[in-house]
Amino acid sequence: MGNERIVIALGGNAIQSGSATAEAQQEALNHTAKQLIEIIKQGYQVAITHGNGPQVGNILLQQIQSHSEQTPAMPLDTCGAMSQGMIGYWLENAINDQLHEEGLDKQVASVITRVEVNPDDKAFSNPSKPIGPFYSEKEAKEQMEKNDVTFKEDAGRGWRRVVPSPKPVKILEHEVIKSLVDNGMVVVSTGGGGIPVYRKDNKILGVEAVIDKDFASEKLAELIQADKLVILTEVEHVYVNYQAANQKALEQVTTEELRNYAEEGQFSAGSMLPKVEAAIAFVESKPGSKCIITSLDKAVEAVNENAGTVIKNH
């Protein structure tokens with residue numbers, strides 16, 4: 001229990017709950033830090049990952065709008081790094097304040113994290129992850145002609161840029177993160193799924209892509225030998241027959257049962273499916289490990305397996 005190592009993957013609602021101002025996002029993170037401190041107080045070794053969807057979209061929009069010869073727009077991988085630094089800074093402050101309030105002598109550190117992907121990943125030939133603002137068809141086609149980018153029509157709401165979403169192969173900073181956790185630090189890393197990079201001629205190069213944050217969190221949990229992966233989202237449980245009259249919350253479920261539900265098409269590809277796939281991959285990677293999927297306000301109970309959907313091997 002107490003000295004177990006856990007990776008806590010924060011969903012977007014842990015950072016932004018409406019307004020995109022710095023003050024509003026910091027306030028949301030203060031609320032999140034109050035949940036996290038209750039887990040840290042119990043003696044768990046904690047590594048935290050987070051999303052960056054709205055934030056990196058806003059940074060990208062700012063880059064596009066201010067683009068000129070004097071202030072050229074930065075590429076997507078660099079915007080991802082900016083969002084990691086910004087959110088990491090806010091979260092460090094929020095957790096620091098809570099540590100101080102509780103009289104806990106612990107350090108918190110944020111690590112800008114690069115995640116290696118395979119340049120031959122089939123995702124690169126099928127960009128699917130929408131980012132940034134909506135455009136009219138005319139604006140989207142103009143951008144596609146001018147720049148080497150792909151736009152797709154998004155459910156009748158307009159056109160959005162889409163980028164590849166390759167699978168994470170390796171987290172380059174995982175030994176640094178593990179060392180910090182080994183030494184009792186609270187670590188914030190792998191923001192937004194990490195900055196996607198690949199190797200070419202012994203060089204590390206950034207790539208215009210977005211890695212799914214649940215898969216990246218799972219890879220981190222494996223690499224730092226966590227006992228539990230806790231994925232926080234907007235719902236308290238994983239459900240089957242979601243929003244139907246016969247909706248059922250899953251409380252304790254094996255990876256085999258969960259895989260069967262996934263094959264039935266129970267989980268939405270854009271929301272719950274990657275969380276379920278990440279849970280299965282983590283639990284099957286290490287004997288005795290567990291994954292819990294739940295909402296932020298149930299995080300403390302979930303860590304102690306008293307809330308949420310607990311996924312185990314048998």
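Reply: A crossing is called left-handed if the near helix is turned anticlockwise from the far one by less than a right angle, and right-handed if clockwise. The model here is predicted, so local features need pLDDT of at least 70 and side-chain atom pairs count only at pLDDT 80 or more, while totals for chains, interfaces and linings use all residues. Residues are numbered from 1 along each chain as its sequence is written, and side-chain values use heavy atoms, with hydrogens and water left out.

Me: Which residues of α1 and α3 meet?

Reply: Contact means heavy atoms within 4.5 Å, and the α1 residues that meet α3 include L29, A33, I37 and K41, while W90, L91, I95 and E102 are among their partners in α3. The residues of this contact divide into 12 nonpolar, 4 polar and 4 charged, where Ala, Val, Leu, Ile, Met, Phe, Trp, Tyr, Cys and Pro count as nonpolar, Asp, Glu, Lys and Arg as charged, and the others, Gly among them, as polar.

Me: How do α2 and α3 cross?

Reply: The axes of α2 and α3 come within 9 Å and cross at roughly 125 degrees, so α2 and α3 are oblique to each other, and α2 passes α3 in a right-handed crossing. From α2, Q55, V56, I59, L60 and Q63 meet α3 residues that include C79, M82, M86 and I87, and by class this contact of α2 with α3 has 8 nonpolar, 4 polar and no charged residues.

Me: Which hand has the crossing of α7 and α8?

Reply: α7 (residues 255-263) and α8 (residues 272-283) pack at about 150 degrees, with their axes 10 Å apart, and that makes α7 roughly antiparallel to α8. The crossing of α7 and α8 is left-handed. On the α7 side T255, L258, R259 and A262 make the contact, and on the α8 side L273, V276, I280 and V283.

Me: How many cavities of 30 Å³ or more does the search find?

Reply: Rolling a probe the size of a water molecule over the atoms shows where empty space is left. On a 1 Å grid over the protein atoms alone, a cavity is a set of points where a 1.4 Å probe fits but cannot get out, a pocket is an open set with protein on both sides within 12 Å along at least five of seven lines, and lining residues have an atom within 4 Å of a point. The search of the whole structure finds 1 cavity of 30 Å³ or more, and the largest cavity holds about 110 Å³, a volume being the space filled by probe spheres set on the grid points, which are joined across faces, edges and corners. Its lining has 15 residues, with N52, G80, G192, G194 and A209 nearest the centre, and α3 gives the largest share, 5 residues.

Me: Which residues lie nearest the centre of the second largest pocket?

Reply: Among the 26 lining residues of the second largest pocket, Q143, N147, V149, R161 and E208 lie nearest its centre, and about 680 Å³ of space lies in this pocket. β5 gives the most to its lining, with 4 residues, and the lining divides into 16 nonpolar, 6 polar and 4 charged residues.

Terms used. Helix = DSSP H or I, 4+ residues; strand = E, 2+ residues; numbered from the N terminus. Axes fitted to C-alpha atoms, helices over the stretch in contact; angles between N-to-C directions. Parallel < 35°, antiparallel > 145°, perpendicular 65-115°, else oblique.
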